[in-house]
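The exercises below concern helix packing, a chain interface and salt bridges. Each task is followed by a stepwise solution.

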Amino acid sequence: MEKDKFISVIKDNQKLIYKICYCYCSNQESRKDLEQEILLQLWNSFSRFDGRVKISTWIYRIALNTAISFYRSDCKHSKNRDSADVSIISVSGTDSEMEKDENILLLFQFIEQLNELDKALILLYLDNNRYKTIAEILGISETNAATKISRIKMKLKEQFTNI
Amino acid sequence: MELDDLKNTWSQYDKMLADNLRLNEELLRKLNLNSSKREMQKVLVYELINIVTAVLVIIFTLWLSVYYINLLRFCIPGFITIAVSAVYLILGIIRTKGLLNIDYYGSPVVKVQTEILTLKRKTLHLRKYELILLPLLLLPLLPLLFKFVHNIDIYKELSLLVFEVVLITGLAYPLLMWTYKHFYDKKFKNAENLLAELDKFKNEE
C-alpha cells in the first residue's frame with residue numbers, strides 16, 4: 001500500500017528527478033546509479049514526510065542533496081552497486097532525439113560548467129520556482145537567491161555574446 | 001543568448017519530458033528499496049565497528065590487568081591501554097553521534113551539505129589523533145599479550161623489548177604519519193575548501 005503511494009508520488013514527479021540526474025551526471029551509467037540512489041533515499045524518508053512543505057520541495061531537497069553528494073564522490077557508487085540494466089525513468093526512443101537538439105545541448109553544456117550548488121540554483125530557476133521556494137529548498141535567503149541568479153545571467157551573457 | 005532564451009528552451013524540453021517520460025513501475029517495485037549504499041551509511045557502519053572494537057579491547061585488557069594485578073609491570077601498561085582505548089571509544093561516539101544528528105531528509109540543501117562536510121572535516125581531524133595514539137595503544141598492550149599468550153615476560157627478554165619499541169616507535173610512527181599525509185590530509189583540505197565554498201554561497205548577497 002505504502003509502496004503504491006510512493007510509486008504514485010514518483011510518477012507525478014518523475015520529470016524533476018530525471019532532470020536532476022541529467023544535470024548532475026553526463027555519463028549514462030552514473031546517471032542510472034544516481035537515479036537509483038535518489039529513489040532509494042526518497043523511499044527511506046517517505047514515511048517521515050509530514051506535509052509541512054510541498055511534496056515537490058521535499059523531493060527537490062532530497063534529490064539535490066543526493067546528487068551533490070554523489071557528484072562529489074566522483075560517481076564512486078557505480079563501482080559498488082549492481083546497476084539496473086535500464087533506467088527506471090526514461091524517455092521513449094524517438095523522443096530522446098530532442099536531447100540532441102542544438103539548443104538543449106547548449107543549455108546542458110552551460111549547466112555542466114557550473115559548480116554543484118549553482119547547478120541546483122539554475123535548475124530550480126529554470127523549473128519556474130519562485131525565489132521564495134528556491135530559498136526554502138536551498139536554505140539561503142531570497143535576496144541571496146536573486147543575486148546569484150542575476151550573476152549567473154551576467155556570466156551567461158558574457159559567455160554567449162558571440163552566439 | 002540570455003538566461004530567458006534558455007528558459008524557453010528549458011520549457012520546450014520540460015514539455016517534451018511531460019509527454020514522453022515513462023516510469024518503469026515494475027522495475028521500481030523490483031528494486032530493493034532498502035539497499036542504499038550511501039557513503040554516510042558506510043561511514044556509520046565503520047564507526048560502529050570502531051566502537052565495538054574499542055569496547056572489546058577495554059573489556060579484554062581490563063580482565064588481563066585484573067588478572068595480573070599483583071604484577072605491576074603488566075597491569076600498569078594494561079591500564080594505559082584501557083585509557084587509550086577509552087579515548088578511541090569517546091572519539092567513535094562523538095563521530096557516530098554527529099552522523100546520527102544530521103537530518104538528511106528534512107533540511108535544506110545548504111544546511112545538509114554543511115553538516116556533512118563539517119562532520120567529514122571533524123572526522124578527518126580526529127583520525128590524525130587516532131593515528132598518533134595507535135602506537136601508544138600497542139606499546140603497552142604487547143607485553144601483556146606476550147605474557148598471556150606465550151607466557152613470555154618481555155621485560156626479561158631485553159632484545160624482544162627493544163625490538164618492540166623500535167618497531168613501533170621507529171617504524172610505525174613515520175608510517176602512520178605518511179598514511180595520514182597521503183590518505184587523509186588531501187581529503188581534509190578538500191573538505192575545508194568545499195566548506196568555504198558553501199559558506200560563500202550561503203552568505204554572499
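**Exercise 1: A helix pair**

Describe how helix α6 (residues 116–126) of chain A and helix α7 (residues 131–138) of chain A cross.

Step 1. The axes of the two helices come within 10 Å and cross at roughly 145°. Axes are lines fitted to C-alpha atoms, for helices over the stretch in contact, with angles from 0 to 180 degrees between N-to-C directions; helices (H or I, at least four residues) and strands (E, at least two) are DSSP runs numbered from the N terminus.

Step 2. The crossing of α6(A) and α7(A) is right-handed, the near helix being turned clockwise from the far one by less than a right angle.

Step 3. From α6(A), A120(A), L121(A), L124(A) and Y125(A) meet Y131(A), I134(A), I137(A) and L138(A) of α7(A), where contact means heavy atoms within 4.5 Å. By class, this contact has eight nonpolar, no polar and no charged residues. Ala, Val, Leu, Ile, Met, Phe, Trp, Tyr, Cys and Pro count as nonpolar, Asp, Glu, Lys and Arg as charged, and the others, Gly among them, as polar.

The model is predicted: local features need pLDDT of at least 70, side-chain atom pairs count only at pLDDT 80 or more, and totals for chains, interfaces and linings use all residues. Residues are numbered from 1 along each chain as written, chains are lettered from A and ligands numbered from 1 in written order, and side-chain values use heavy atoms, without hydrogens and water.

**Exercise 2: The interface**

Characterise the contact between chain B and chain A.

Step 1. Chain B gives 54 residues and chain A 80 residues.

Step 2. The two chains bury about 6,100 Å², 62% of it on carbon and sulfur atoms; this is the accessible area (1.4 Å probe) lost on being put together, summed over both.

Step 3. Four salt bridges link the chains, each a side-chain nitrogen of Lys or Arg within 4 Å of a carboxyl oxygen of Asp or Glu. R29(B) pairs in this way with D4(A), with the closest N and O atoms 2.9 Å apart.
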